[in-house]
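Have a look at the two-chain model below.

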Amino acid sequence: MLDLGKYIIFSLLSIFFSISSFSETRKFNIGKIATKQEVAGWDIDIRPDGLGAPKGSGDALSGEEVYAERCASCHGDFGEGIDRWPELVGGSGTLSSHDPVKTTGSYWPYASTIYDYVYRSMPFGEAQSLTYDETYKIVAYLLNMNDIIDEDFTLSNENIGKIKMPNRNGFLLPDPRPDVKNLNGNPCMKNCNTPTKIIGKARDIDVTPEDEKS
Amino acid sequence: MAKEKKDIISRRSVIKAGVGLGALGLSSKSLLAKEANNKNLPPNVPEWTETLGDGVDVNPYGMPSEFESNVIRRNVEWLTASTESSVNFTPLQDLEGIVTPNGLCFERHHGGTAIINPVDYRLMINGLVDREMIFTLDDLKRFPQVNKFYFLECAANGGMEWKGSQLNGCQYTFGMVHNVQYTGVKLSDLIQETGLKNNAKWVLAEGSDSSGMTRSIPIEKIKDDCIIAWAMNGEALRPEQGYPIRLVVPGWEGNMWVKWLRRIEFGDKPYMTREETSKYTDLLSDGKARMFTWVMDAKSVITSPCPEKPVLQKGIHQIRGLAWSGRGKIKRVDVSLDGGKNWKTAQLHSPVLEKSLTRFTIPFEWNGEEILLQSRAIDETNYVQPTIKELQNIRGVNSIYHNNSIATWLISKNGKVDNVRLG
């Protein structure tokens, strides 16, 4: 019995130590190690500094044809947008107006973002069907239409991180909220000085879907 | 939508005609007027007492009563170019308590609902980790699990109301929010499996839908309370909510809660994806835009009465509403009947959970007078829900996102309720 007891204690100790030695590396020992090929197939993002940009290139001249074939049916031949599909070109100088037009040229701060987005999700419904070169061509075409690069400029993985976008400095960090007056949890409760005149009714705007009109 | 409504009407009239009203020659219009059938009222014995009902297994997966068929998500067609990249709204005006039923949780897709067979599901973790790894759904379910209620609100909830009152409904102005109990594994536990390099400061969360949704999230938030979830309200995620796996980012804008999550990459800088540069940035009146405005500030809404829930008779009513804050628990909700001049504190109903919808009620007696109904939330950080004027003074009217201002419902003398703007 004594020997068996010792054996059990020894076994428990060795299990304990084997578990604790695991915890230095993998606490639960769940899942498998990803291969380089598996990661390469899914790791498609590219960053503002160009990190992750796949080898490839294209210019606006050759991009016009690809754009016309793959993009223009929604975004228009010149990036003007058809129906409610987004416009991609123009809008310069409108951001502080009553009707800001936020396009790749007027608003987007990084060229890398255009590449990343076009490759991962465009054309709408045919995601990740473009080749790397086709994507560079389309991005070059959009940048050229927005007067950011010349039509014969060859955009590539080498220089996409160096393109200077017009609205690069248009964004504010960090988040300043809470940005309203600090009432420290004690707002006015009685006879508060607040306007109570009705200056607008949603009913008069009349854009609520039929189903909900009361 | 109009067609759907017609279908509902005709189905209802058939149902009611079947229990006898049809024989009286009443039109379907009057049937919709919610008139009771005297045959079913005391002292008579109702039809459903005299006959057997359906047996078990008629509905292996139960559905709401057919008389609740108007309680549905709805969209605003003119808002977007296609329903695959669009949004619909939770019918808050028809819900009670704090739990949103799974089938009524609003949908926001950027490339439609991905349909994923769970045996084909993989989660990849790569970048600045000690071991780049891949997990199956079964793998993820072997980790220690958590069960937590959280609200999810789209940053654009109320976005159409920045310039003035536009949409005449509680559903359309506040319905991009839902609240369910998530089951999943904490990302901080997954990190223990992959290890983390010292310079890992940011995470890229990536979806596998046709939009390939991507957002950058700072490592502090990931370590704090983010969850990889596979269940909502006790059952597997609905396809439209990211089946089989979505990211849960408590208290932060819904766009970051990547659905159909396929990959988590650790890096040393933010990725500046389309969704955090061209979208989900808050344009101010001077043309500059705020970036990385993640937290959803405290907000509240009166869900009844509201434009969809008119006041049908004089006398006592219960004002019902919801409040929530991305910064913690709701501490207090005040209600005004006179457009914000005078306030009374409402009752909060337990449970009051952090970063979760919280239910409030307060009784009021209506004597046929005009009422300007408002609610105002205060959270545990002592933040007070602002008026739209206060927000406009600081941010202008082009922000689209993060409108957490106090709304006003006008109760007219005829009992109808309107979304109005005061000034």
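## A tour of the model

His402(B) sits in the loop between helix H8 (388-395) and E23 of chain B; helices (H or I, at least four residues) and strands (E, at least two) are DSSP runs, numbered from the N terminus. This is a predicted model, where local features need pLDDT of at least 70, side-chain atom pairs count only at pLDDT 80 or more, and totals for chains, interfaces and linings use all residues. Residues are numbered from 1 along each chain as its sequence is written, while chains are lettered from A and ligands numbered from 1 in the order in which they are written.

Back to His402(B): the residue has a positive phi of about 60° although it is not a glycine. His402(B) is also buried, because 28 other C-beta atoms lie within 10 Å. The cut-offs are these: buried takes 20 or more other C-beta atoms within 10 Å of a residue's own, exposed 12 or fewer, and partly exposed is in between, with C-beta atoms placed from the backbone.

Asp147(A) also has a positive phi of about 60° without being a glycine. Its loop runs between H6 and strand E3 (155-156) of chain A. Is Asp147(A) buried or exposed? Asp147(A) counts as exposed, because it has 12 C-beta neighbours inside 10 Å.

Lys416(B) is another loop residue, found between strand E23 (408-411) and strand E24 (417-422) of chain B. With 14 other C-beta atoms within 10 Å, Lys416(B) is partly exposed.

| Cis peptide bond | Omega | Loop holding the second residue |
|---|---|---|
| Arg177(A) and Pro178(A) | about 0° | between strand E4 (171-172) and strand E5 (198-201) of chain A |
| Pro42(B) and Pro43(B) | about 10° | between helix H2 (28-31) and helix H3 (47-50) of chain B |

### Chain A

Chain A has seven helices and five strands, in the sequence pattern α-β-α-β-α-α-α-α-β-β-β-α. Of its 214 residues, 32% count as buried. Two residues are in contact if their C-beta atoms, placed from the backbone, lie within 7 Å. Among the contacts in chain A with a separation of 6 or more, 58% come from residues 24 or more positions apart.

Which helix should you look inside for? Helix H5 (residues 111-121) of chain A has 11 of its 11 residues buried, so it is largely enclosed by the rest of the structure. Its buried residues include Ala111(A), Tyr115(A), Asp116(A), Tyr119(A) and Arg120(A). Part of the cover over them is helix H6 (132-145) of chain A.

As for confidence, pLDDT is the predictor's own score for each residue, from 0 to 100. Chain A averages a pLDDT of 90, and 87% of the residues score at least 70. Over residues 12-23 of chain A the pLDDT is below 50, and this stretch has one contact in the model beyond near neighbours in sequence. Where pLDDT is low, the predicted coordinates should not be read in detail.

### Where the chains meet

The contact takes 86 residues from chain B and 70 residues from chain A. On the chain B side, E24(B) gives the most, with five residues. By class, that side has 33 nonpolar, 27 polar and 26 charged residues. Here Ala, Val, Leu, Ile, Met, Phe, Trp, Tyr, Cys and Pro count as nonpolar, Asp, Glu, Lys and Arg as charged, and the others, Gly among them, as polar.

Strand E1 (residues 32-33) of chain A and strand E5 (residues 133-135) of chain B run antiparallel and are joined by two bridges; two strands pair if DSSP finds at least two bridges between them. Lys32(A) stands opposite Ile134(B) in E5(B). The open sheet has six strands in the order E1(A)-E5(B)-E4(B)-E13(B)-E8(B)-E9(B), with mixed pairing. E1 of chain A and strand E9 (214-218) of chain B stand at the edges, each with a single partner strand, so one side of each is left without a neighbour in the sheet.
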